[in-house]
Amino acid sequence: MLWAEYDPLANRRLAILSPEGQMDEGWRPSELDDEALLHLYDRMVALRQADLLALNLQRAGRMGTYAPTLGQEAANIGSAALLQAEDWLVPSFRETGAMLLKGVSLKLIYLYWMGCEWGSHFPEEVRVLPICAPVSTQTLHGVGLSWAAQLKGENWVTLIYLGDGGTSKGDFHEAMNFAGTFQTPTVFFIQNNQFAISVPRTRQTASATLAQKAIAYGFPGIQVDGNDLMAVYLATREAVARARAGQGPCLIEAQTYRMGPHTTADDPTRYRSEAELKTQERFDPLLRVRLYLENRGLVNPETEATREAQHLKWAQEQAREAEAAISYNPDEIFDYHFAELPPYLAEQKAYCQRFLAAKGESAHGQA
Amino acid sequence: MAKLNMVEALNLALAEEMARDPQIILLGEDVGQLGGVFRVSDGLQAQFGPKRVIDTPLAEAAIVGTSLGLAVGGFKPVAELQFMGFLYPALDQIISHISRYRNRTRGRYSVPLVIRMPYGGGIHAPEHHSESTEALLAHIPGIKVAIPATPYDAKGLLISALRDPDPVIFLEPKRIYRAIREEVPAGEFTVPLGQAQIVRPGDQVTAVAWGSMVRETLRAAEAVAEEGVSVEVIDLRTISPMDDATVVASIQKTGRGVVVHEACRTAGLGAEIIARVNEKAFLSLAAPIERVTGFDTIFPLLKLEEHYLPDAFRISRAIRKVVNF
């Protein structure tokens with residue numbers, strides 16, 4: 001039981017894979033053989049390439065505001081890796097990697113940030129809620145979903161993501177309280193990336209850890225090194241297993257670090273130093289898995305150059321597909337509010353059509 | 001056929017629909033063993049069990065926010081908020097998610113749920129228990145808002161709301177929860193969402209109201225009838241979508257109008273109704289439409305509430321004013 005041993009109130013934090021890529025092999029669960037581990041690493045690299053390309057697309061004017069995941073690859077991949085197809089993933093807005101792993105295509109994620117609602121139209125079998133901007137409001141949806149599983153006698157577990165800033169919101173506490181009261185199969189996963197835009201973690205709460213907040217709601221919490229793929233994986237593994245076995249919710253605080261800006265609209269030089277960022281680079285979640293795999297002879301500079309190039313190519317293709325899929329039909333502004341278009345919206349839609357037609361006919365589209 | 005009051009009619013609608021549709025679950029504060037503070041869910045937990053009639057912790061945002069998850073997870077949740085005055089923590093969930101989910105996912109997800117709550121003044125309730133802020137809700141795209149004024153309509157509208165594929169907010173005028181008794185058939189019948197009803201035909205003045213103000217308006221119509229003034233009273237029944245066609249058709253006939261609501265005057269739905277009449281029937285108007293509303297003030301505590309709420313006296317004065325314009 002990780003929870004008993006890594007008590008956040010006793011200042012215990014789960015960390016397994018060191019920044020130098022060293023770990024005690026005793027931690028490796030049997031299912032995480034070299035092939036499986038290499039796969040997770042590969043997903044982390046894919047995420048980083050997808051993320052870097054998104055930043056470039058935004059700068060080139062091909063994408064709207066984007067919230068990068070840079071530095072949070074282990075927290076994304078190590079957690080979502082534990083979900084089965086029947087499970088639900090409830091993202092905040094910095095879970096590109098987790099969403100990819102759960103089956104959302106990069107094309108759709110790009111499409112969302114490019115400004116098209118179809119980016120949240122996931123395939124029927126993909127159990128992921130749409131990206132959620134109002135902080136922590138999604139935690140209640142996740143608890144509702146896991147509660148539904150319990151009431152229906154279904155086996156699905158819900159993994160809810162939020163950030164450190166999200167723990168200050170009332171919805172988070174109401175969600176934790178409902179989850180505890182009804183013992184729902186819920187895993188709360190906090191990506192504590194140290195910043196809510198510019199406001200540091202220390203300004204969010206006087207609690208020594210975010211993990212300990214679970215204790216007040218009657219269920220366990222654990223703090224893990226969020227840049228450590230193994231620690232994230234093992235904590236989530238146990239949390240998901242507990243939830244699925246009907247033992248109720250858990251909270252995981254993954255201590256990570258946002259290496260990029262909050263979004264492309266942010267300027268982090270106003271609130272953190274270059275030196276701090278430099279220090280954090282040592283703890284890069286991707287680097288340590290790569291070093292570990294290199295030590296085991298599973299990857300080398302050549303394989304990695306190829307891997308990065310392949311994933312960049314994939315991301316570029318997904319971006320092109322997303323751009324080709326953007327819908328410019330103004331009728332869609334109206335068409336999806338209700339199962340049936342009500343007469344008053346049909347009237348406004350017809351007005352919009354007439355107005356756009358008239359605008360198109362006028363010489364320069366001007367009044 | 002049984003004569004029921006509105007509470008009994010709502011209870012019957014819930015019981016019949018829950019028996020018909022196993023996906024319907026009720027959740028909220030005190031809805032279980034107690035049967036709700038107004039007893040709308042009386043006996044339902046005993047009939048359907050604690051897994052379908054669920055007492056929750058006291059947290060409105062969570063009752064509504066988890067209902068979204070329950071709906072996506074396959075249920076048809078009926079969330080009860082104890083009073084409209086306690087709706088506001090849940091407004092974020094309604095505005096930011098429940099109203100938007102279908103559109104923002106281009107139909108991948110929908111949120112078929114009903115959020116019920118008692119609203120309005122007139123029962124000498126404590127502070128925060130008497131407001132009518134339905135205009136806030138009518139301003140939100142992507143939801144429907146129903147308000148019954150009679151036991152029959154309460155049952156029929158609630159059944160429609162329960163069968164609707166989209167979110168419906170259901171406001172119950174608690175002042176007339178037990179004030180009116182009328183015949184309400186057992187078994188299924190529906191009153192469609194988005195259809196107003198002419199509850200008293202007339203040809204000189206159109207009076208539009210909803211909720212408990214329908215009764216006051218009917219009383220005013222009765223009073224002025226003795227003076228020979230014929231008032232057509234329209235019960236809007238659903239404020240979003242609003243059946244302005246019925247209102248406009250009536251105004252085209254009468255040429256005069258009065259709108260009555262207990263909510264504050266400024267940016268209230270009276271203004272919206274007048275704007276629509278102006279757009280669609282301006283040339284039919286023989287007089288400016290009068291508004292009889294609550295004041296732009298905080299709803300007073302119980303000793304002064306009777307002076308705040310529009311009553312038959314104020315409404316009849318407005319009717320005479322538009323007639324004599």
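## Helices α3 and α9 of chain A

In this predicted model, helix α3 (residues 73-80) of chain A packs against helix α9 (residues 229-244) of chain A at about 35°, with the axes 8 Å apart. The crossing of α3(A) and α9(A) is right-handed (the near helix is turned clockwise from the far one by less than a right angle).

On the α3(A) side you'll find A:A74, A:A75, A:I77, A:G78 and A:S79, which meet A:L229, A:V232, A:Y233 and A:T236 of α9(A) (contact means heavy atoms within 4.5 Å). By class, that's six nonpolar, three polar and no charged residues, with Ala, Val, Leu, Ile, Met, Phe, Trp, Tyr, Cys and Pro taken as nonpolar, Asp, Glu, Lys and Arg as charged, and the others, Gly among them, as polar.

## Cavities

There are three cavities of 30 Å³ or more. A cavity is a set of points on a 1 Å grid over the protein atoms alone where a 1.4 Å probe fits but cannot get out, and lining residues have an atom within 4 Å of a point. Volumes are the space filled by probe spheres set on the points, which are joined across faces, edges and corners.

The largest cavity comes to about 70 Å³. Its lining includes B:H128, B:H129, B:F299 and B:E305. Domain 1 (2-184) and domain 2 (197-323) of chain B both contribute lining residues, so this cavity lies between them (the bounds come from an automatic or database domain assignment). The second largest cavity has about 40 Å³.

## Pockets

A pocket is an open set of grid points with protein on both sides within 12 Å along at least five of seven lines. The largest pocket holds about 1000 Å³ and has 38 lining residues, with A:Y344, B:S240, B:P241, B:M242 and B:R276 nearest its centre. Helix α10(B) gives the most to that lining, six residues. The lining splits into 20 nonpolar, seven polar and 11 charged.

The second largest pocket has a volume of about 360 Å³.

## Notes on the model

Residues count from 1 along each chain as written, chains are lettered from A and ligands numbered from 1 in written order. Local features need pLDDT of at least 70 and side-chain atom pairs pLDDT 80 or more, while totals for chains, interfaces and linings use all residues; side-chain values use heavy atoms, leaving out hydrogens and water.

Terms used:
Axes are lines fitted to C-alpha atoms, for helices over the stretch in contact, and angles run from 0 to 180 degrees between N-to-C directions. Helices (H or I, at least four residues) and strands (E, at least two) are DSSP runs, numbered from the N terminus.
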